[in-house]
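Please look through this structure with the report below at hand. The text takes one topic at a time.

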Amino acid sequence: MALIVQKFGGTSVGTVERIEQVADKVKKFREAGDDLVVVLSAMSGETNRLIDLAKQISDQPVPRELDVIVSTGEQVTIALLAMALMKRGVPAVSYTGNQVRILTDSAHNKARILQIDDQKIRCDLKAGKVVVVAGFQGVDEQGNITTLGRGGSDTTGVALAAALKADECQIYTDVDGVYTTDPRVVSQAQRLDKITFEEMLEMASLGSKVLQIRAVEFAGKYSVPLRVLHSFQEGPGTLITIDEEESMEQPIISGIAFNRDEAKLTIRGVPDTPGVAFKILGPISAANIEVDMIVQNVSHDNTTDFTFTVHRNDYDKAHKVLATTAQELNAREVVGDTNIAKVSIVGVGMRSHAGVASRMFEALAKESINIQMISTSEIKVSVVIEEKYLELAVRALHTAFELDAPARQGE
């Protein structure tokens, strides 16, 4: 008998009919003898609807109250699934994040899980019940409802799997696995049978929307076998694993990730003195804005231009903070650009192959795509380009690194 944690996303539970289908699938696993914990997102579009309601009251809703509102979406789906399972003769019980006591910090709208009390779940499993848990939410030490940020249900699923020492955590979604890139952009993209945690972590952090980055971090840290599957189509999906299989056929690059949600800010004419980077980025960090790529140039007059990227949603806030910093540092000006995108190549195979970056740059140069910023790590190379060239860049790189599906090459 295996203990499996299954997570179903918003499209998987988007209607009552689909919740009934999920119940059928869960029943099959239960009949096979598996113990099951099922984590659910809110119905597709429901979280956005709730946020819109809040914004009709206030342009900038108080984060604590926003969490109270958006957490109700999952409460609906877990109760409906528990009812659907019981209708099928499968004993089931639903819990919110508060009831299970998924303890988080107090960072509303993007809380982090600190601890999970698994005793209640274990008792229910022992009693033969399927336990249905609300994803995306938890509770802090003061008893305030918290939410984990977009895609947080993935993190809930993996964290529960880690706490329960589950045999596998299965993430059910509207795709049948992890692809070499988004099939909507490149029709020749291929599903990967396996990918390492390390590669998936990079793909998730670089804009791949299949899994939330924190879910992959959790899975890697606690060695939780993680599988991405299609909610309503049979298939093996993609297994995310620790092992790097040594193989003559190991591809150099496993995938192409991209992110349209980027914005770039530059503060020009900053005095080139020790500590200037902290003076610029310290206030940005204090405003709870995450910085991604950074480039610093020193000019001949002992001043520097300092450029960094942030999420597009944080652009206005970051621009305001940077404008204040510019005045304090007597900088020349602050300029920004929201029409950029980031494209990245990812693969553990890079470790044993030289010239990967130059191959990437050559492929982009052939398409006359200008590179504005570059960032590298051991298993990835990222570039910032104009957003209008994004899909062209992804297709060019997918072909250059021989990721196109073999049967369709030459079309």
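This is a predicted model: local features need pLDDT of at least 70, side-chain atom pairs count only at pLDDT 80 or more; totals for chains, interfaces and linings use all residues.

Eight strands make up an open sheet. Their order is β3-β6-β2-β1-β9-β11-β12-β10, and the pairing is mixed. The edges are held by β3 (92–95) and β10 (194–196). Each has a single partner strand, so one side of each is left without a neighbour in the sheet. On average, neighbouring strands are turned by 20 degrees against each other, direction ignored.

In general, strands of a sheet pair through backbone hydrogen bonds, either parallel or antiparallel. Here, strand β1 (residues 3–8) pairs with strand β2 (residues 35–40) in the parallel sense. Six bridges link β1 and β2. L3 has D35 in β2 as its bridge partner.

**A helix across the sheet**

Helix α1 spans residues 16–31. This helix lies across β1, β2, β6 (130–134), β9 (168–173) and β11 (226–230). Its direction is at about 170 degrees to β1.

**A helix pair**

Two packed helices are described by the angle between their axes and the distance between the axes. Helix α12 (residues 356–366) packs with helix α13 (residues 390–400) at an angle of about 130 degrees. Their axes are 9 Å apart. The angle lies between 115 and 145 degrees, and α12 and α13 are therefore oblique to each other. The crossing of α12 past α13 is right-handed. From α12, the residues R359, M360, A363 and L364 take part. They meet A393, A396, L397 and A400 of α13.

What does the side chain of S254 join in a polar contact? The partner is the side chain of E199, at 2.6 Å. Neighbours within four places in sequence aside, S254 is in contact with T180, L192, E199, V346, G347 and L403.

T96 has contacts of its own. Residues up to four places away in sequence are not counted. T96 then touches Q75, I78, A134 and Q137.

Definitions and conventions: Residues are numbered from 1 along each chain as its sequence is written. Side-chain values use heavy atoms; hydrogens and water are left out. Two strands pair if DSSP finds at least two bridges between them. Helices (H or I, at least four residues) and strands (E, at least two) are DSSP runs, numbered from the N terminus. Axes are lines fitted to C-alpha atoms, for helices over the stretch in contact, and angles run from 0 to 180 degrees between N-to-C directions. Contact means heavy atoms within 4.5 Å. A polar contact is a pair of N or O atoms within 3.5 Å; within protein, one must be able to donate a hydrogen and the other to accept it, and residues adjacent in sequence count only if both atoms are side-chain atoms. Angles under 35 degrees count as roughly parallel, over 145 as roughly antiparallel, 65 to 115 as roughly perpendicular and the rest as oblique. A crossing is left-handed if the near helix is turned anticlockwise from the far one by less than a right angle, and right-handed if clockwise.
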